[in-house]
Amino acid sequence: MKITNIETYIVDGGWRPWIFVKVETDDGVTGYGECSDGRNPNGVVGAIRDLTPLLIGRDPRAYEMLFWDMIRGSRQSPGGIAAKAIAGIELALVDIKAKALDISVVELFGGPTRNDIRVYWSHCGSSRANYYELIGVPPLRSMDDIAALGCEVVDKGFSALKTNIVIPGDPASVYFSGFGQGPGSTDGNVSTELLNHIEILISTFREAIGPNVGLNLDLNFNFKPEACMRIAKVLEPYDLLWLEIDMYDHEAIRQIKDSTSTKICTGENLYYMREYIPYFETRAADVFMVDVPWNGFAQSKKIGDLAEVYQFNVAPHNYYSHLATYISASLCAVLPNVRIMEVDIDDVPWKDDLTTHTPEIVDGYMKIPTRPGWGTELNEEAVKAHLWDDKRGDW
């Protein structure tokens with residue numbers, strides 16, 4: 001079996017693009033991967049194009065060897081865009097190997113450790129703040145609307161949700177200074193006004209969902225450690241499942257963790273075992289995110305296994321299409337140390353059309369994939385009907 005062609009699709013996800021990779025072979029087996037990057041899609045696709053000559057004519061089933069060839073082919077650009085490009089290709093190669101054997105990726109990696117995985121409703125309120133009309137849901141004008149959303153989460157059978165710093169209003173907005181909001185927004189501070197708003201937001205959600213539903217707040221890259229510590233302290237009474245923080249300094253994360261009883265989650269921005277080791281060794285957080293579309297499947301499995309050695313649970317970072325959800329669920333199926341899995345519920349109306357199968361979620365649990373490969377494939381006709389046009393979404 002030889003690789004004959006590699007194609008990429010940047011697909012319209014409404015307020016962000018999804019990046020899909022298609023790898024074709026001379027045996028007629030096609031594999032699909034996803035490596036979505038909401039802010040640099042053309043960079044990732046360009047890196048895939050640069051890596052393609054290393055792969056054409058090679059046996060796709062040797063995905064570990066091809067991974068290391070791609071690593072060496074991008075040696076002077078480690079992580080980031082190059083890692084995402086490698087991951088998208090590797091995921092398609094793993095899909096091919098499993099399909100060639102007529103088994104699921106779950107079976108390829110040792111068989112299931114579970115039959116289903118608990119999922120949480122991610123970006124709960126964040127997507128509605130700016131895109132409620134596109135999604136086809138009510139706007140968020142007030143804290144009463146936040147409370148109604150919390151009740152909706154429970155009514156739909158979910159036992160956990162994650163939100164960002166949503167600011168209801170007309171129009172509503174989401175605080176995202178860590179991803180760029182112009183002059184005066186780079187300092188990573190939290191004002192007293194914003195701190196009070198965060199507490200009101202989380203207390204409103206907690207009252208609506210009750211004490212037994214998991215509640216997460218994602219701070220992303222918005223704040224420095226001092227601000228994170230103030231936020232974590234204020235939120236202690238609300239018993240968060242976790243407070244999620246992105247930071248490139250394991251000692252800073254550990255400083256935040258030591259300052260509070262609020263549980264801390266981090267790691268979605270890290271690549272490969274090498275970058276996780278300092279965080280694991282210093283026990284910098286309570287739960288660790290792993291992004292499979294950015295690390296690839298085999299590397300994510302290694303990260304998860306290493307986390308088990310250190311007695312940590314992992315949680316896939318997954319705010320992408322249904323293909324990525326099947327990929328992330330496959331990882332959950334082959335690890336013994338999973339906390340919970342992320343999935344976006346509010347989304348564009350054509351999301352279901354992009355794949356041949358959609359996740360089966362019942363009472364807040366997703367069934368583990370059992371069909372060959374990832375358990376779903378791209379519907380290329382629908383994909384080509386919804387290509388991204390370089391517009392930029394922004395929360």
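Modeller: I begin with helix α12 (residues 297–309) and helix α13 (residues 322–333), whose axes come within 10 Å of each other and cross at roughly 40°. The model is a predicted one. Two packed helices are described by the angle between their axes and by the distance between those axes. An angle under 35 degrees would count as roughly parallel, and one of 65 to 115 as roughly perpendicular; α12 and α13 are therefore oblique to each other. The crossing in which α12 passes α13 is right-handed. On the α12 side the contact involves F297, S300 and K301, and these meet I327, S330 and L331 of α13. Sorted by class, the residues in this contact are three nonpolar, two polar and one charged.

The buried residues of α1 are P41, V44, V45, G46, A47, I48 and L51. Their packing partners are β1, β2, α2 (63–73) and α3 (80–100).

Eight of the nine residues of β2 are buried, which leaves the strand mostly covered. Towards strand β1 (residues 3–12), β2 pairs in the antiparallel sense over nine bridges. In that pairing, F20 of β2 is the bridge partner of Y9. The hairpin of β1 and β2 has four residues between its strands, and G14 in this hairpin adopts a positive phi near 85°.

Towards strand β3 (residues 30–34), β2 pairs over five bridges, again in the antiparallel sense. K22 has Y32 of β3 as its bridge partner, while F20 stands opposite E34 of β3.

The axes of helix α8 (residues 225–234) and helix α9 (residues 250–258) come within 9 Å and cross at roughly 25°. With angles under 35 degrees counted as roughly parallel, that crossing makes α8 roughly parallel to α9. Helix α8 passes α9 in a right-handed crossing. Residues P225, C228 and M229 of α8 make the contact with A252, Q255 and I256 of α9. The classes here are five nonpolar residues, one polar residue and no charged residues.

The loop between α8 and β9 (242–245) contains D239. D239 is a residue other than glycine with a positive phi, near 50°. Because exposure is taken to begin over 50% relative accessible area, D239 counts as exposed at 55%. R283, in the loop between α10 (272–281) and β11 (287–290), is also a residue other than glycine with a positive phi near 50°. R283, however, has a relative accessible area of 36% and is partly exposed.

Two further details complete the account. I200 belongs to helix α7 (residues 192–209) and is partly exposed, with a relative accessible area of 45%. I200 and L235 are 35 residues apart along the chain, and their C-alpha atoms are separated by 9.8 Å. Finally, the peptide bond joining D170 and P171 is cis, with omega about 10°, and P171 is found in the loop between β6 (166–167) and β7 (173–174).

Notes:
Residues are numbered from 1 along each chain as its sequence is written. This is a predicted model: local features need pLDDT of at least 70, side-chain atom pairs count only at pLDDT 80 or more; totals for chains, interfaces and linings use all residues. Side-chain values use heavy atoms; hydrogens and water are left out. Buried means under 20% relative accessible area, exposed over 50%, partly exposed in between (1.4 Å probe, protein chains only). Helices (H or I, at least four residues) and strands (E, at least two) are DSSP runs, numbered from the N terminus. Two strands pair if DSSP finds at least two bridges between them. Axes are lines fitted to C-alpha atoms, for helices over the stretch in contact, and angles run from 0 to 180 degrees between N-to-C directions. Angles under 35 degrees count as roughly parallel, over 145 as roughly antiparallel, 65 to 115 as roughly perpendicular and the rest as oblique. A crossing is left-handed if the near helix is turned anticlockwise from the far one by less than a right angle, and right-handed if clockwise. Contact means heavy atoms within 4.5 Å. Ala, Val, Leu, Ile, Met, Phe, Trp, Tyr, Cys and Pro count as nonpolar, Asp, Glu, Lys and Arg as charged, and the others, Gly among them, as polar.
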